[in-house]
Amino acid sequence: MQAMSLNFDPNGLTLPFGHLIDGERVAAGGAEIPVARPSDGREVGRIHAADADLVDRAVQAAHRAFRTSGWAEADPLERAAVLKRWADLIDARRIEIARIEAATTTRPVEDLVNRDLVRAAGALRYFAEWADKVEGSLLATAAGRTSMVKPEPWGVIASIAPFNFPAINAIWKSAPALAVGNAVVLKPSEMTPCSAVVMAELALEAGLPRGLFNVIQGAGATGSALVRHPLVSKITFTGSSATGARVMADAAETGTKPVTLELGGKSPQLVLKDVRNLDAVALNVANGFLANAGQVCTAGTRLIVPETLHDDLLERVISIANGRRAGPTWQTGNTMPPIISEKQAQRIDAMLAETVSDGAEVMAGGGRDPSQNAGAYYRPTILRGVPEHSIGFRGEFFGPVLSVYTYADEEEGIAMANHPLYGLAASVYTDDAGKALSLPSRIDAGTVWVNAHGRQPDFATPQGGFKGSGFGKEMGRAGLESFLRFKTVWLQHG
Ligand code: NAD
């Protein structure tokens with residue numbers, strides 16, 4: 001696809017801001033929440049947050065569809081066919097969806113067309129293929145008894161998504177659930193409400209019975225009401241660790257509902273002394289903390305490097321980072337997207353100031369990008385000497401900020417890689433095959449990449465964190481099974 005042809009004028013778009021309940025757009029709701037376009041800060045519309053009544057309407061619709069649409073009882077191949085048609089529709093409307101998403105999020109239009117929406121459609125096809133491969137078991141028992149374990153859907157799934165990859169999240173947090181027969185009520189982030197509605201409408205067009213995939217808009221109060229609803233059977237949440245803890249508390253107080261929590265991280269990039277190609281390592285390190293301007297849960301925000309390689313590696317990383325071009329998501333060629341909102345950028349400013357006053361030193365960047373006079377763009381920022389008690393060590397900047405640590409001895413480097421609070425992901429760079437195989441087992445993280453940092457377009461590998469980064473998996477077989485419950489059936493017949 002020609003890169004230049006993807007440029008567009010964001011002012012000419014019609015954006016969907018409503019809810020989608022029982023197959024219909026619903027404009028009603030409670031408090032108005034303005035939605036700003038991150039690239040220039042301009043308000044582009046308002047959502048009306050779903051209040052308790054509207055949340056109830058959406059959950060009731062999902063429950064009714066789960067009970068009466070025949071979706072859960074259908075031949076799994078029929079469900080698979082709908083999911084595949086849905087993927088085809090995403091492919092066919094890729095440019096249109098990419099424009100809506102680029103105009104309302106931090107995702108650049110060319111990345112959307114070439115990556116995010118390809119991954120969204122790919123995930124649908126992946127889970128469609130799983131629909132008829134779900135298995136239970138028949139257990140060995142004494143004669144006269146038959147005992148089996150049967151997988152079945154939970155019922156109504158509450159899906160709550162963050163702002164950083166809204167179109168992908170709309171699919172990841174619904175497709176596996178639907179593939180195995182559940183109904184879904186999805187609440188996207190109040191900052192990025194539009195693409196989920198588009199995705200749910202495409203599902204209807206593909207033949208998904210109405211009511212099976214509902215989208216409600218709103219912020220924390222809406223999310224909390226959804227989690228607390230008595231007809232919700234399971235919750236899948238992606239977002240910050242602090243919000244994840246509140247979701248867990250709400251779920252515990254209202255029926256001890258199961259939750260899957262995909263939370264935040266402070267993922268390390270650990271470089272070993274033996275690496276030979278510093279250029280390749282530097283490129284991975286830079287991409288690892290700069291992708292989506294650092295607004296990635298698995299961003300590699302802590303570089304742990306041998307003292308002997310520090311200067312050579314940092315020189316390369318800084319040079320790559322300085323080559324990034326900030327600019328709006330609707331113009332191709334921009335490689336540094338905006339921070340999601342002015343409020344988030346101010347939060348990064350405040351965290352940075354506090355970290356520096358705690359003793360950290362700014363080696364590069366350190367604030368807003370002055371080349372942009374609208375939107376909240378951040379310069380790639382590199383810190384050293386971030387103390388362990390500081391907010392810059394304990395919290396996520398969720399911006400393009402890398403903290404650098406040096407070590408003399410490898411054991412010290414491994415100890416630094418293991419963060420006391422988080423365990424989402426990590427990368428290790430080494431040319432030693434033995435260490436490549438043995439080191440990951442010493443890193444306390446749900447995903448360890450060797451000689452790479454970041455998720456590849458691969459749907460079979462599960463993702464999910466340890467410790468404060470959450471629990472449960474998304475994607476892969478484990479991600480599918482999190483939307484199934486396993487029932488034991490015991491027959492006495494002899
Ligand atoms: P957030 O926690 O502020 O919000 C996430 C979602 O939760 C939003 O839809 C929000 O409206 C909703 N919410 C807020 N309060 C709620 C409540 N009390 N009950 C229910 N829902 C509530 O996160 P964010 O700023 O949108 O996203 C960034 C965070 O998400 C980062 O911490 C990042 O690391 C994390 N994240 C994790 C993964 C992962 O797979 N582990 C992926 C992407 C993002």
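Where does threonine 106 sit? The answer opens the first of these close-up views, which all come from a predicted model.

**View 1. Threonine 106 and its polar partner.** Threonine 106 belongs to the loop between α3 (94-104) and α4 (109-130). With a relative accessible area of 0%, threonine 106 is buried.

**View 2. Polar atoms around the ligand's oxygens.** Glutamate 190 puts a polar side-chain atom 2.7 Å from a ligand oxygen. For serine 240, an N or O atom of the side chain is 2.7 Å from an oxygen atom of the ligand. Threonine 243 also has a side-chain N or O atom 2.7 Å from a ligand oxygen atom. On its own the ligand would expose 850 Å², and the protein buries 90% of that. As for secondary structure, α8 (220-228), β10 (232-238) and α9 (241-253) are the elements that give two or more residues to the shell around the ligand.

**View 3. The whole shell around the ligand.** There are 28 residues around the ligand, and those that come nearest are Ala161, Glu190, Ser240, Leu263 and Glu396. Sorted by type, the shell has 12 nonpolar, 11 polar and five charged residues. Domain 1 (3-263 + 470-489) and domain 2 (268-458) both contribute residues to this shell, so the ligand lies between them.

**View 4. The two sides of helix α8.** Which residues of α8 are buried? They are Thr222, Gly223, Leu226 and Val227. Looking down the helix axis, the buried residues of α8 fall within an arc of 135°, so they line one face of the helix. Gly220 and Ala221 are on the other side of α8, and these two are exposed.

**View 5. Threonine 256, a non-glycine residue with positive phi.** Phi of threonine 256 is near 50°, a positive value even though the residue isn't a glycine. You'll find threonine 256 in the loop between α9 and β11 (259-262). Is threonine 256 buried or exposed? Its relative accessibility is 65%, so threonine 256 counts as exposed, the cut-off being over 50%.

**View 6. Phenylalanine 398, positive phi in a buried residue.** Here phi is about 55°, again positive, and phenylalanine 398 is not a glycine. The loop that holds phenylalanine 398 runs between α13 (391-394) and β16 (401-407). At a relative accessible area of 15%, phenylalanine 398 is buried, since buried means under 20%.

**View 7. Aspartate 91 in helix α2, with threonine 68 for reference.** Aspartate 91 is part of helix α2 (residues 76-92). Its relative accessible area is 29%, which makes aspartate 91 partly exposed. Between aspartate 91 and threonine 68 the sequence separation is 23 residues, and their C-alpha atoms are 30 Å apart in space.

**View 8. Valine 450 in strand β19, with glutamine 295 for reference.** Strand β19 (residues 447-450) contains valine 450. Valine 450 is partly exposed, at 31% relative accessible area. How many residues apart in sequence are valine 450 and glutamine 295? The count is 155, while the C-alpha to C-alpha distance between valine 450 and glutamine 295 is 22 Å.

How values were computed:
Residues numbered from 1 in each chain as written. Predicted model: local features only at pLDDT ≥ 70, side-chain atom pairs only at ≥ 80, totals over all residues. Heavy atoms only, no water. Near = heavy atom within 4 Å. Polar contact = N/O pair within 3.5 Å; in protein donor to acceptor, adjacent residues only side chain to side chain. Areas by Shrake-Rupley, 256 points an atom, 1.4 Å probe, with all protein chains shown as cover. Helix = DSSP H or I, 4+ residues; strand = E, 2+ residues; numbered from the N terminus. Nonpolar A, V, L, I, M, F, W, Y, C, P; charged D, E, K, R; others polar. Domains from an automatic or database assignment. Buried < 20%, exposed > 50% of the residue type's maximum accessible area, 1.4 Å probe, protein only. Arc of directions from axis to C-beta.
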